[in-house]
Amino acid sequence: MKTLYVSDLDGTLLQPDARLSDRTVELLNGAISDGALFTVATARTPATVAPIMSRVSMNLPAIVMTGAALWHGDTGHYSRLRLLDPEAARRLLDVYEGNGTPSFVYFLKDDVITIRHTGELSALQTEFMDERSNTPFKRVEVAPDGSSHMPARLEDVILFYSMLPNDIGERTYALTRDIPGVRAQYYHDIYGEQTAILEAFSSEATKAKAMRALAASLGADRIVAFGDNINDLPMMREADLAVAVDNARPEVKEAADIVIGPNTADSVAKFIAEGGA
C-alpha cells in the first residue's frame with residue numbers, strides 16, 4: 001500500500017520554538033531515503049517553510065497557505081493555485097475596510113507573493129511584516145501608516161490574513177463567513193488565546209482538497225494526516241488515518257483515530273519512521 005504522510009507544522013511537527021529538532025530531521029530524512037512519501041501542510045508561506053524545512057530532503061511539494069497552493073521547493077514554482085474570485089475579494093475588502101479591520105492581503109502572480117495591507121498596523125502586525133520584509137519569497141508594499149495601493153480589480157488575491165483582538169476577529173468573521181466563494185477561518189494559534197487569527201481564502205482552497213489532489217497525482221492509496229489545531233480538522237477528516245499529537249486541542253484529539261506523543265518528543269517523525277499504524 002502506497003501511503004502519503006502529511007503533517008501540519010506549528011504545534012505538530014515543530015518544537016515550541018518553531019524549529020525542527022535534530023532528531024526529527026534525522027528520522028524524516030531516513031524515512032524519505034527509504035521511500036516514504038512525506039510532505040507538510042501549513043498556513044505558512046514558503047518564506048518561512050523554506051528555512052524551517054531546509055535540512056529535510058523534501059522531494060514532494062509542500063501544501064502552503066492552508067491549501068491555497070502547492071509549492072515546489074526544488075524549482076520555487078507554485079502549482080494548483082486557488083485564487084479568490086475578484087468579486088469575492090472586493091466584497092471581503094469592503095467588509096474589512098468598513099469594519100475597521102486591519103489585514104494583510106496576499107497577491108500571488110508569476111511565482112511571487114506581494115503583500116499589501118488595509119487599515120492601521122498594530123505593533124504585532126508591524127513585527128510580523130518586518131520579519132517578512134527581507135526574503136526572496138515575498139515583496140512587501142506597505143507604507144509606514146499601514147496603507148497600500150489596492151488595484152481597482154482585485155485579481156491574483158490568494159488570501160487575507162490578520163492577527164486581531166478577539167472581538168474584532170469575531171465580528172469580522174461573522175460578516176465574511178457567508179460571502180459566496182469565500183472560506184473564512186477564525187482560530188487561535190501561536191499568538192495565544194487573546195489574539196485571534198482571521199483568514200479568508202477561496203472556498204476551493206483547503207488543506208484537505210490539496211492533500212487529496214497531491215495523493216492522486218502520486219498514486220497514493222492511503223493518507224495519514226497529523227495535526228493539532230482546529231484548522232487541521234478538515235484535512236484530518238479527509239485522511240484515511242487521522243493522527244493527533246498529545247498537545248493537540250481537545251476537539252482535535254477527539255476527532256482523531258489515534259493520539260500519539262507531543263510535538264516536543266519528535267512523535268510525528270517517529271511514527272513515520274516506524275511505518276505508521
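**Entry 1: the largest pocket**

I sorted the lining of the largest pocket by residue class: 16 residues are nonpolar, six are polar and 12 are charged. I am working from a predicted model. I then looked up the volume of the largest pocket, and it comes to about 650 Å³. I counted 34 lining residues, and those closest to the pocket centre are R44, F128, R132, I190 and Y191.

**Entry 2: the parallel sheet**

I traced an open sheet of five strands, in the order β2-β1-β12-β13-β14, with parallel pairing. The edge strands are β2 and β14 (258-259), and each of these pairs on one side only.

I went through the pairs one by one. β1 runs parallel to strand β2 (residues 37-40), and four bridges join them. Here V6 stands opposite T39 of β2. On to β12: β1 pairs with it in the parallel sense over five bridges. I found I223 in β12 as the bridge partner of L4. Strand β12 (residues 222-227) also pairs with β13, in the parallel sense, over four bridges. In that pair, F226 has V243 of β13 as its bridge partner. Last, β13 and β14 are parallel and share two bridges. A244 stands opposite V259 in β14.

**Entry 3: which way the side chains point**

I checked two strands of this sheet. Strand β1 (residues 3-7) is mostly covered, with five of its five residues buried. T3, Y5 and S7 point one way from β1, and L4 and V6 point the other way. Strand β13 (residues 241-244) splits into L241 and V243 on one side and A242 and A244 on the other. All four of these β13 residues are buried.

**Entry 4: nonpolar cores**

I looked up the largest nonpolar core, and it has 59 residues. Those with the most contacts inside it are L13, F38, M53, M65, Y106, F226 and I272. Helix α2 (residues 22-33) gives this core its largest share, five residues. Another core of 19 residues lies apart from it, and L84, L164, I168 and V182 are among its members.

I then picked I272 and asked what it touches beyond four places in sequence. The list is Y5, L28, A31, A36, F38 and F226. Two of these names came up in my sheet notes: Y5 is one of the residues of β1, and F226 is the bridge partner of V243.

Is Q125 buried or exposed? Its relative accessibility is 0%, so Q125 counts as buried. I placed Q125 in helix α5. Leaving out residues up to four places away in sequence, Q125 touches P102, S103, F104, H117, E120, S162, M163 and L164.

L121 sits in the loop between β7 and α5. I noted its relative accessible area as 18%; buried means under 20%, so L121 is buried. What does L121 contact, setting aside neighbours within four places in sequence? I wrote down F104, T126, M129, V142, A143, P144, D145 and G146. F104 is 17 residues from L121 in sequence, and their C-alpha atoms are 9.5 Å apart. F104 is also on the contact list of Q125.

**Entry 5: two positive phi angles**

D110 is not a glycine, yet its phi is positive, about 55°. I found D110 in the loop between β6 (103-109) and β7 (112-118). Its relative accessibility is 68%, so D110 counts as exposed.

D156 also has a positive phi, about 65°, and is not a glycine either. D156 lies in the loop between β8 (138-140) and β9. With a relative accessible area of 25%, D156 is partly exposed.

Conventions
Residues numbered from 1 in each chain as written. Predicted model: local features only at pLDDT ≥ 70, side-chain atom pairs only at ≥ 80, totals over all residues. Heavy atoms only, no water. 1 Å grid on protein atoms, 1.4 Å probe; cavity = no way out; pocket = protein on both sides within 12 Å on 5 of 7 lines; lining within 4 Å. Points joined across faces, edges and corners; volume = space filled by probe spheres on them. Nonpolar A, V, L, I, M, F, W, Y, C, P; charged D, E, K, R; others polar. Core = buried A, V, L, I, M, F, W, Y, C linked by side-chain atoms within 4.5 Å. Buried < 20%, exposed > 50% of the residue type's maximum accessible area, 1.4 Å probe, protein only. Contact = heavy atoms within 4.5 Å. Pairing = 2+ DSSP bridges.
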